[in-house]
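Please consult the sequence and the 3D view while reading.

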Amino acid sequence: MTARKKPATRKARAPKAPAGVAARLPKLAAVDIEAARRKFEQGIIARGEAGPAGQPLPPGATHEIAGKREDGAPLLKRRRFSTR
Amino acid sequence: MTRRKKAAKRAVAKKPAVVVSVWKDDPESKLGLIDRPVPDLSKAPLRYRIKGAAPAPGRYEVGTPQFRYWAGAEPLRRGGDFWAPLLGVKQWQPGPVLPVSLDKGVDLNAYYDRTELAFFHEKVGGKTYYSGESPDVVCHEMGHACLDAHRPQLFDAPFIEAGAFHESFADMSAILSALQLQEVREAVVADVAAYKSCPVSRCAEQLGAAIRLVDRPAVDPDCLRNAYNAFKYVDPQTLPDSAPATALCAEAHSFSRVFTGAFYEILAGMLRVRSKSPKEPDLAAVATDFARLLMDATAAAPVQPNYFAQVASHVIDADTARFAGRYRAVLANVFVKRQIVPKAAVEVLERAPGKASSARYRKAAAPEPPEASVHRVVLDAAEFGLGTEKVLVDAPLERKPVLSVGAGLAHRHGPAEIEHAARRFVKMLVAHDRIDVESGLRHITVTDATPRHVLRKTHVLRPTRQGMKLTRRWFHCRCGLPFRD
């Protein structure tokens, strides 16, 4: 005598919990990210917050110019954070 | 005087001082001096080493080098002791001991540069100002070092909001570290609860006063930066590079005031959530609660151009996960009012406030490492002799669990670099005859009879509406047979 198999029953799936607030933020496109980087770097240069690499930074500067990008824009690298 | 009394007096005189005299808050905050236990700078995990010889601990006259030494050392220890258990790190980002220069030279500034904390002096209007004497400035720079230990990916992230958040965190560190003193909490609890400007909301009053003498528009009228402000978020892309302190600009310190302003308003709201008539222990509790939320949020928030929104939304989610949404109304209201988080993102909480406290929701909102992202690179097929269409290459930007899109896009991995890497990759595949340009099939059946040149094709160009998408078919192993990925 073989044991009768129980008919397969499908468990009722619990309703999905709502995602957190962070998951509902609008997604950024790659062009937005690139534009944000350019604006950041342009501001650093415009305010004189970048100095030549390998030299002590002038007062108020936070970045050094580590090289050039393919498009000619300066490649910046942060050296420090300052109080103002 | 008896012999016994004389001996007792001698013993007291020889006993090393157990307290040092330091500022409660900024020297110009008017909160005055306080006696504090001698700080142990070698205490793990956040150890310091102040350069130069340490004077004997004691109560020194204001204005003496000995006073300035302990005025700098004490807030370093106090702030480090506040952050250490929250950070959960074993050391600073640069190493186990963070060097400190209390007087690096002439400037009205201070910095953290991954080798040290450095403070300066400068004579202005007949008075010499020492930035390392102000607990606000000391705990601001220490805050940079703490966040760097917690989230090193932020240090060089090439986004205005990432840099501005670092500055905001440093100002919040100054405020939260000040609130570790009971005497300070007692002095400001009523003002914080009433959401007013007060000594702790005013960061670096003295340095601000010195800068005002040489560049009045550069600082707030009552301090360097006041956390009691009404600034609302605007896309920093639309802001000018520079502006007087009365306006926002894209400079990191200026823009940081948006987040710091929200923080101070939230702190007031959290205090009122905790008690209708809050006392200083309530202020201590909400300071720690908010710091915990910040730690959770910064660990989970991806480093993206919209970093303020990322952190703020993760703070709301962290509150749901950690405190069952106790502070949700305050957090959501302030972040939305200040336009840091879009209203649409928090509407789900408003629609189902009951559900939003459930265990399932708390689990769903628990901070998790950010997901990896994909950057699509479009290349000309003709460049590689693959026809006339476009070749689409999907490049994953980040694979490490706590890094994210923005960090992945930091200088070494900008879109230009990603495109360059993708181009080199396709060239390499073509040179090694690895691309199936004929079948368009993602999967093929492999048998013993499958020709070797077919097995060599690790990738296939599949037609899509946008062009030919480069898709990996399998990885090769060294035995010469492929296995599916």
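A:Ser82 stands opposite B:Tyr111 in S5(B), and this pairing belongs to a place where 2 bridges join strand S4 (residues 81–82) of chain A to strand S5 (residues 110–112) of chain B in an antiparallel run. Helices (H or I, at least four residues) and strands (E, at least two) are DSSP runs, numbered from the N terminus, and two strands pair if DSSP finds at least two bridges between them. This is a predicted model, in which local features need pLDDT of at least 70 and side-chain atom pairs count only at pLDDT 80 or more, while totals for chains, interfaces and linings use all residues. Residues are numbered from 1 along each chain as its sequence is written, and chains are lettered from A and ligands numbered from 1 in the order in which they are written.

**Contact between the chains**

- Chain B contributes 57 residues to the contact and chain A contributes 37 residues, where two residues are in contact if their C-beta atoms, placed from the backbone, lie within 7 Å.
- On the side of chain B that touches chain A, helix H9 (residues 307–323) of chain B gives the most, with 7 residues.
- That side of chain B divides into 30 nonpolar, 18 polar and 9 charged residues; Ala, Val, Leu, Ile, Met, Phe, Trp, Tyr, Cys and Pro count as nonpolar, Asp, Glu, Lys and Arg as charged, and the others, Gly among them, as polar.

- An open sheet of 5 strands has the order S4(A)-S5(B)-S6(B)-S4(B)-S3(B), and its pairing is mixed.
- S4 of chain A and strand S3 (47–50) of chain B stand at the edges, each with a single partner strand, so one side of each lacks a neighbour in the sheet.
- S5(B) pairs with strand S6 (residues 117–119) of chain B in the antiparallel sense over 3 bridges, and B:Ala110 stands opposite B:Phe119 in S6(B).
- The loop between S5 and S6 of chain B holds B:Arg114, which has a positive phi of about 70° although it is not a glycine.
- B:Arg114 counts as partly exposed, with 19 C-beta neighbours inside 10 Å; a residue is buried if 20 or more other C-beta atoms lie within 10 Å of its own, exposed if 12 or fewer, and partly exposed in between, with C-beta atoms placed from the backbone.

- B:Tyr48 is found in strand S3 of chain B and is buried, with 23 other C-beta atoms within 10 Å.
- Not counting residues up to four places away in sequence, B:Tyr48 touches B:Leu41, B:Leu76, B:Val97, B:Leu98 and B:Val100.
- B:Tyr48 and B:Ala73 are 25 residues apart in sequence and 8.8 Å apart in space, C-alpha to C-alpha.
- B:Pro45 has its place in the loop between strand S2 (33–37) and S3 of chain B; a cis peptide bond, with omega of about 0°, joins B:Ala44 and B:Pro45.
- B:Lys30, in the loop between strand S1 (19–23) and S2 of chain B, has a positive phi of about 70° although it is not a glycine.
- B:Lys30 is exposed, with 11 other C-beta atoms within 10 Å.

**Chain A**

- Chain A has 1 helix and 4 strands, in the pattern α-β-β-β-β along the sequence.
- Of its 84 residues, 30% count as buried.
- In chain A, 3 strands form an open sheet in the order S1-S2-S3, with mixed pairing.
- Strand S1 (50–52) and strand S3 (74–78) of chain A stand at the edges, each with a single partner strand, so one side of each is left without a neighbour in the sheet.
- S1(A) pairs with strand S2 (residues 63–68) of chain A in the parallel sense over 3 bridges, and A:Ile65 in S2(A) is the bridge partner of A:Pro52.
- Helix H1 (residues 30–46) of chain A lies across S1, S2 and S3 of chain A and runs at about 85° to S3(A); axes are lines fitted to C-alpha atoms, for helices over the stretch in contact, and angles run from 0 to 180 degrees between N-to-C directions.

**Helices of chain B**

- Helix H6 (residues 205–214) of chain B is mostly covered, as 8 of its 10 residues are buried.
- The cover over the buried residues of H6(B) includes helix H3 (135–150) and strand S9 (202–203) of chain B.
- H9(B) and helix H10 (residues 328–337) of chain B pack at an angle of about 170°, with their axes 9 Å apart.
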